[in-house]
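Here is a note for a colleague opening this entry for the first time. Please read the points beside the structure.

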Amino acid sequence: MDRWFLEILNLSFCGSFAILAALVLRLLLKKSPRVISYGLWIVVFLALIFPIRLKTDYSPMPVGVESFQAEKLYQAVPRAESGIPVVDEFFAERTPARQLGEEVFPMERLMEGASVLWIGGAVLLLGYGAFSSLRLRKKLKNGKKLEPQVYQVEGLPTAFVMGMPPRIYLPADLTEEERAHVLCHERIHIRRHDMRIKQGAFLILCLHWFNPLVWLAFRCMEADMESACDEKVLETMGTDIKKKYSLSLVRLSAEERWFGTPLAFGEKPVKTRVKHILRYKKPVSAVAGLAIVAAAAVGCAVWSAPAEKSDANDIIHMEEEKITSMVEEQGSRIVDRVVLQRIEHCRVNGLLGEDVAVEVWSEKCRFRLDSDKSLQLPDGITQEGDWLYLESEKYAFGASATPNPDENGVDVRQYTKEQEALFGVCFGSIYPYELAMPQEEMDTMVRALLEEKGYIMPETYAGEHMVAEVSLHQQKGYSDWRLFLSQPVKQGDDGIWCVERWSDETGNLYYNYISGAEEDVYYAEQQAQCDEGHIVGLLNPEDVAMTFLREEMGLGSVTTEDIVVKEGTLEDFYGPMSSKRFGYIVKLVPEDSILHLNEAQWYTEENRDRLAQVQLDPDMEMPNGFYIRRWENDTVLQLGERPEILVVEMTENGAEQKELRSWEELAEYLEERGEVPFWITTEGGIVTKAEEQYLP
C-alpha cells in the first residue's frame with residue numbers, strides 16, 4: 001500500500017507544477033474562450049493519474065514523477081531526488097535517519113502510517129460523495145417525466161444533470177423562458193460528457209485529497225466547465241438573452257455543493273459566472289488561435305519531464321558548486337558543463353554487497369560561461385574564451401556493479417532495489433595524496449565514509465560484541481577511551497575476539513585494520529591456530545583489550561584495574577562517555593569557554609603498587625598519605641554551560657565543601673588561591689564538574 005501512496009505522492013508533486021502552470025495560463029487567457037482552459041484542466045487531471053512522461057533536456061517542468069522512490073527513501077539516510085536543491089536539502093535535513101540498532105527504516109514506518117491515513121482520507125471523501133448522491137436520489141423518486149430524459153421534481157432548488165444515462169431534473173416552478181435556458185445549458189453538458197469528466201476528476205481528487213492545489217484545480221475546472229457551457233448557450237440562443245439568462249442563473253443558484261455526481265445549472269460561483277456572461281463577446285479568431293496554441297504548449301509541457309543526468313554530471317556538480325559563487329562574484333554565470341575525462345583509481349569490494357564495488361575516481365571537465373569575459377581563477381582552473389577547464393582537486397567515491405559471469409562467461413547481475421539505488425551516487429571525496437594509502441587503509445576509509453553517510457551499519461563484524469571502558473587516569477568506571485570488540489570468524493565461546501574500532505572521550509572514531517594483509521584471511525589463520533590450542537588468549541576479550549592497549553597503543557602502565565569489559569551493543573559503544581582526571585587549573589578563560597589543566601597523578605595508600613611502578617618509594621614520598629606527580633603537558637578542555645563546581649573552604653569545623661555558581665566565580669577563587677588541585681569530570685569532552693581536592 002505504501003508503494004501506491006508513493007506513486008500518488010510523486011504524481012501529486014509533479015502535478016502541482018502542472019497546476020501552477022495552468023493557473024498562470026488561465027489568468028493570462030482571461031478574455032479567451034473558457035473552453036480552452038477547461039480543456040487544459042482535463043489534461044492536468046489526466047497527468048495526475050497517469051505516470052507516463054517524455055524525458056527531455058528541454059522540458060520546462062522542474063521535476064518528473066520519480067522524486068520519491070522507495071529504494072532511496074528506505075535507507076539509513078533517506079534521500080529525495082526531485083532535482084530541486086531546496087526540496088532535496090530540506091528533505092535530507094528534516095526526515096528521520098535510522099538510529100543504531102533499528103531494524104526498520106524510520107521512513108518506512110512513516111510511509112506506512114501516511115499510507116493508512118491516505119487510504120482513510122480517500123475512502124472518507126469518496127464515501128461522502130456517494131452519501132450525498134444517494135441522499136439526492138431519494139428526492140428524485142417522485143419526479144414527473146416531461147419528455148425523454150427530462151423530469152420535473154417538486155421542491156428542487158435548481159436544475160441539474162444526473163444518472164446513467166444522464167437525465168435532466170427541473171424544479172417545478174420554472175417559467176417557460178427559464179426552462180428553455182436550463183434545457184439548453186444542461187443538454188450542452190450532456191453532449192460534452194461533462195458529467196463523466198467531473199466524476200472522473202472527483203475520483204482523482206479523492207486520490208490526491210492531501211494536496212490543496214488539486215482542490216483548487218478541481219474548483220477552477222468546475223468554474224471553467226460551467227462558464228464554457230454558458231458561452232455555448234449564448235452562441236446557440238443569441239447574445240441578446242444575456243440579462244434574462246443571468247437572472248435565471250441567479251434565481252436558480254445552488255444553495256449547496258454536490259461532490260462528484262450532479263451538474264447543477266446554478267453551480268457556484270454564480271457571481272463570477274454572471275459577470276462573465278454579461279461581458280461575453282464572440283472571440284476574435286486570432287486571439288482564440290493564440291490561446292489554443294498557448295494551452296497546447298502548456299498541455300505538452302505537462303507530459304514532459306527533465307532528462308536524467310548522467311552519473312558523471314552528478315559528480316561534476318560537486319566541483320561546480322565550489323566555483324559557481326566565484327564565477328558569479330565576477331559578473332559571469334555557468335550555463336553548461338561537459339565531462340572530458342574520468343579516471344578510476346581503485347575499487348573496494350564487499351562493503352555494499354557481494355557484487356557491488358565502491359570506486360574512487362578523478363575527473364577533468366569544462367564549464368561554459370555566458371560570456372568570454374576574463375576571470376581571476378585559482379590554480380587548477382584555466383580559461384579559454386567562454387570555457388573553464390577544471391581538473392578535480394578531490395577524488396570521489398561512488399558505487400558501481402561488478403561483473404558476475406555464469407559458466408558460459410555471460411555477465412549475470414542480480415541486485416536488490418536498495419543496491420541498484422546506490423549506483424551512480426556520489427558518497428563523498430578524498431584528497432589526491434590519500435590515493436597513496438595501502439589498500440587496507442583505503443578499505444577502512446571507504447567503510448568510515450559509508451558508515452557516516454548511513455549506507456552501512458557502523459560495525460565491521462555482526463554478532464555479539466564486548467565494550468571495554470578504559471580510564472587513562474586510574475578512575476575505574478570512567479572512560480577516556482572505549483574499545484569495541486567483535487568475533488570476526490565465528491560466534492560463541494570458541495570464537496576469537498578482536499578490537500575492531502575504538503573512540504576517545506570527544507567522540508573521535510578510530511578503526512583497527514591489519515597492515516599488509518587481508519583482514520578475513522588474517523583472522524581466519526588466527527582462529528585456526530586458536531582451534532589447535534595456540535594463542536588461546538584471543539578467546540578472552542579482556543586479554544585481547546589489554547594486549548591491544550599495551551602493544552598497539554603503547555600504554556604499558558595500564559592494568560586490569562583501569563578497564564571494565566562487558567557485553568555491549570552499538571548503542572553502548574556510541575553512547576556518551578564520561579571521563580575523570582586530576583590536575584591543576586593553570587588557566588581559566590570563561591569568556592572563551594576553555595580551561596587549561598596541568599594533569600597530574602594522585603597516589604594514596606590504596607595504590608602504593610602504582611607508585612612503585614614509577615620507581616618511587618611510597619614510604620618516602622607519602623608522609624602525609626598522598627603523593628602528586630605532575631605531568632609536563634597541559635590539556636585544553638571546553639567548559640560546559642551548567643557546571644557543578646565544588647571548592648574547599650576552611651571553617652571552624654575544618655575543611656568543608658562550598659558550591660560556586662559559575663566559571664567566573666571559580667576564576668575569582670583561583671586568583672585568590674593560586675594553583676590548587678581539582679578533579680575534572682567531562683561528558684563527551686565537555687567539562688561538567690570541577691571538584692577541588694583537599695590537601696592536608
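1. Cys 530 is buried, because its relative accessibility is 6%. Buried means under 20% relative accessible area, exposed means over 50%, and partly exposed lies in between (1.4 Å probe, protein chains only). Cys 206 is also buried, at 4%.

2. A word on the source. This is a predicted model, in which local features need pLDDT of at least 70, side-chain atom pairs count only at pLDDT 80 or more, and totals for chains, interfaces and linings use all residues. Residues are numbered from 1 along each chain as its sequence is written, and side-chain values use heavy atoms, with hydrogens and water left out.

3. Thr 444 sits in helix H14, residues 439-453. Helices (H or I, at least four residues) and strands (E, at least two) are DSSP runs, numbered from the N terminus. Is Thr 444 buried or exposed? Thr 444 is buried, because its relative accessibility is 14%. Leaving aside residues up to four places away in sequence, Thr 444 touches Tyr 511 and Tyr 513. Contact here means heavy atoms within 4.5 Å.

4. Next, helix H10, residues 270-278. Its buried residues are Val 270, Arg 273, Val 274, His 276 and Ile 277. They lie on the same side of H10, because they cover an arc of only 165° around the axis. The arc is that of the directions from the helix axis to the C-beta atoms. Among the elements covering these buried residues are helix H2 (34-47), helix H6 (176-191), helix H8 (212-237) and helix H9 (242-251).

5. Strand E5 (residues 167-171) is mostly covered, with 4 of its 5 residues buried. Strand E3 (residues 150-153) runs parallel to E5, joined by 4 bridges. Val 150 stands opposite Ile 168 of E5. Strand E4 (residues 160-162) pairs with E5 in the antiparallel sense over 3 bridges. Pairing requires at least two DSSP bridges between two strands. Met 162 has Arg 167 in E5 as its bridge partner. The hairpin of E4 and E5 has 4 residues between the strands, and Gly 163 there takes a positive phi near 100°.

6. The UniProt record (unreviewed entry) places "transmembrane region" at residues 6-28, 35-54 and 116-136. Its positions follow the numbering used here, feature names are shortened, and annotations may be inferred rather than shown by experiment. Residues 116-136 are 100% helix and 0% strand, with end C-alpha atoms 30 Å apart. Residues 35-54 are 65% helix and 5% strand, with end C-alpha atoms 26 Å apart.
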